[in-house]
Amino acid sequence: MDQKTIQPHIFFFPHMSHGHMIPTIDIAKLFASKGIKTTIISTPHNLSLFSKAIERSKLSGFEIGVLALKFPAVEVGLPEGCESDHMVETQEELQKFLKATTLLAQQLEQLLKDHQPNCLVADIFFPWATDVAAKFGIPRLVFHGTNFISLCVSHHLMKMDLSIVSDSEPLVIPNLPHEHKLAGNQIPDFMKQESELRSFGKAAAESEWRSHGVLVNSFYELEPAYADHYRNFLGIKAWHIGPTFLCNKEIEDKAKRGPKASLDEHEFLKWLSSKEPNSVIYVSFGSVVKFDDAQLLEIALGLEASGQQFIWVVKKEKSDQENKEDWLPEGFEDRVEGRGLVIRGWAPQVPILEHQATGGFVTHCGWNSTMEAVTAGVPMATWPAFADQFYNEKLVTEILGIGVRVVEGAKKWARFGGDRVKKENIEKAVTEVMVGKDAEEMRSRAKALGEMARKSVEEGGSSYKDLNALIQELGLHRIAPPQS
Ligand SMILES: O=c1ccn([C@@H]2O[C@H](COP(=O)(O)OP(=O)(O)O[C@H]3O[C@H](CO)[C@@H](O)[C@H](O)[C@H]3O)[C@@H](O)[C@H]2O)c(=O)[nH]1
C-alpha cells in the first residue's frame, strides 16, 4: 500500500484524573491539527465526563477518536464506578486505585493489536506501558502533566536516601539550578521507607529513561535552567509543547474542557464584565484537593475580611433549602452579594482567568492551573497541598516572582486533610496579591510571561518548533497528509 495514503495514528492513554485528562485532550487536538489521527483511551465514566471537549474537536475539523476499557474497581476492592482519581477519599483507596491501573495492561495490549497505532503516549502513572508498546515495536512517550522543575526535583529525590529525613532539618536537594530545600514533612511518609507507593514512583521515574521520551506541558522560556538540567544533566529526552490549552481558540472550547460547569460561561463573563480590570480574585483548588467544612469556613471569612471581589469555586453540591451549609458563615452570600460569587461544582476556569477583571488567583499550584494563570498574566496566592504543587509554588514565588505564599514556611504534604490555614493568612495573601505596588509589579511580570507563553506556541516559537521536531523524529510527517 502507498505509505502516503495511510494516516499516522497516535494513541493517548491519560491517567484517570481531570488534571491529566484535560491536557491530554488538548495534546491530542494539537497532534490532530498536524494531520495525525488521534485516539484517547479511557474508562466509560471518564470519557463521558469529557465528552463535550472531545466532541467539540470535530467542530475544529480535528476529530478525536475514543476507545473505552473497563476499570477493575471492584476487583481491587473499590466501589463500582470509582474510576477517577477525584473519587478517591483515603490513602488506602488511592493505593487500590493505583493497583487497579496496573491491571489494565492486557486491555491496552488488545487495543494496540486491533488498531496498530504508530505511537503510544501513555501517562506517567502507567510505567508498564513502555513494555506493552515495545511488544508492537512502537515508541512509547511519557506524558507527566507537570513541568521541568518538578520532574528535576522528583528525579533527584528518587535517588536520595529519604529514611534519614527529619522534620526539624530541611533536606537540601543537590545539583539543581537553584537551592531547593524541602522540610521533612513535605516529603510523604511513603517515600521515607520501602513501600508500594515508593516502588511505584521508582518505576515511573525509570520509565522516563526507558521510554522514547517525555512530553512536557511547559514552554522553554518559563524554566530554561530546568529544561536544560532535565535534558542535559539527567539525560532524559523531552519535548516541551505547552501551554497546550492554547490550542483552544473559541471561548466555548476554552470553557468546555472539563465536566459541565455549574454556571454557564456567559453568566460568569457577564458578571466579570461589570467589574473593573484586575479587581476580582479567583479562588479554586483544581480537581483533587478537597477541604473540610472548617477549612472552607476559614476561606469564606478570609475572603470576606479582605474586602476584595471574588469568584470562589467549592467542590460541593448545592444543598436543598432545608439543609444549612455549615461551611458558609451565616448570611455570607447575602453580605457579599454583588462582590463575590460562590460556585458549587465546576467553573470554566480558563475564560475566568483570561478575563481582564481577574487580577489574582488563589491556587493549590496544580500545574495546569499554574500554566493557565501564567499565560493569562495573573499573579497567584499559592497554597500547595501535595505532589509537584510545592515545587510549582517555588517556581511561582521565588523564581518567577509572580506570587505570594498563603502560608510562609513549610507546609505539610497532605492530599487528604492537611493542617488548617487560618482566615488571617488568607486575608493577608489575597490583599498582597491584589493591592499595592508589589501586586502591580507581580502582575506586570506575569503579563510579560503570558506574552512569552503565547509566542512559544506560535509559528517559530519554542513549543511550536519542539512539537514539529517530535513529529519529524517519530517519522509521522512522512505519512501525514498535507495540511491546508
Ligand atoms: O472548577 C474548575 C476546576 C478546575 N478546572 C480545570 O481543571 C484543571 C485542574 O488541573 P490542575 O490545576 O493541574 O489541578 P489538579 O486537578 O489538582 O491536578 C493534578 O494533576 C496535575 C498535573 O499532573 C498536578 O500538577 C497536580 O498536582 C495534581 O493534583 C485545570 O485545567 C483547570 O482549568 C476547571 O476548569 N474548573
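Tutor: Happy to; we will start at the ligand and then turn to the sheet and a pair of helices. Please keep in mind that this is a predicted model.

Let us begin with the shell around the ligand. It is made up of 22 residues, and the closest are S287, A347, S369, E372 and D388. Sorted by class, the shell holds 7 nonpolar, 12 polar and 3 charged residues. Two helices, α1 (18-32) and α16 (367-376), each give at least two residues to this shell. The largest share comes from α16, with 4 residues.

In the side chain of D388, an N or O atom sits 2.5 Å from an oxygen atom of the ligand. W367 takes part through its backbone: a polar atom there is 2.8 Å from a ligand oxygen. H20 uses its side chain instead, with a polar atom 3.1 Å from an oxygen atom of the ligand. As for how covered the ligand is, it would expose 690 Å² if taken alone, and the protein buries 95% of that.

With the site in view, let us move to the sheet. This is an open sheet of 7 strands with parallel pairing, and reading across it gives the order β3-β2-β1-β4-β5-β8-β9. At the edges stand β3 (64-68) and β9 (238-240); each has a single partner strand, so one side of each is left without a neighbour in the sheet. From one strand to the next, the twist averages 25°.

Within the sheet, you can pick out strand β5 (residues 140-143) and strand β8 (residues 213-216), which run parallel and are joined by 3 bridges. Look for F143, which stands opposite L215 in β8. Helix α20 (residues 462-473) packs on the sheet, where it touches β5, β8 and β9, and its direction makes about 140° with that of β9.

Finally, here is the helix pair. Helix α18 (residues 423-434) packs with helix α19 (residues 437-457) at an angle of about 65°, and their axes are 6 Å apart. On the α18 side the contact involves E432, V433 and M434, which meet A439, M442 and R443 in α19. By class, that contact has 4 nonpolar and 2 charged residues, with no polar ones.

Methods. Residues are numbered from 1 along each chain as its sequence is written. This is a predicted model: local features need pLDDT of at least 70, side-chain atom pairs count only at pLDDT 80 or more; totals for chains, interfaces and linings use all residues. Side-chain values use heavy atoms; hydrogens and water are left out. Two strands pair if DSSP finds at least two bridges between them. Axes are lines fitted to C-alpha atoms, for helices over the stretch in contact, and angles run from 0 to 180 degrees between N-to-C directions. Contact means heavy atoms within 4.5 Å. A residue is near a molecule or strand if one of its heavy atoms lies within 4 Å of it. A polar contact is a pair of N or O atoms within 3.5 Å; within protein, one must be able to donate a hydrogen and the other to accept it, and residues adjacent in sequence count only if both atoms are side-chain atoms. Accessible areas come from the Shrake-Rupley method with a 1.4 Å probe; for residues, only the protein chains shown count as cover. Ala, Val, Leu, Ile, Met, Phe, Trp, Tyr, Cys and Pro count as nonpolar, Asp, Glu, Lys and Arg as charged, and the others, Gly among them, as polar.
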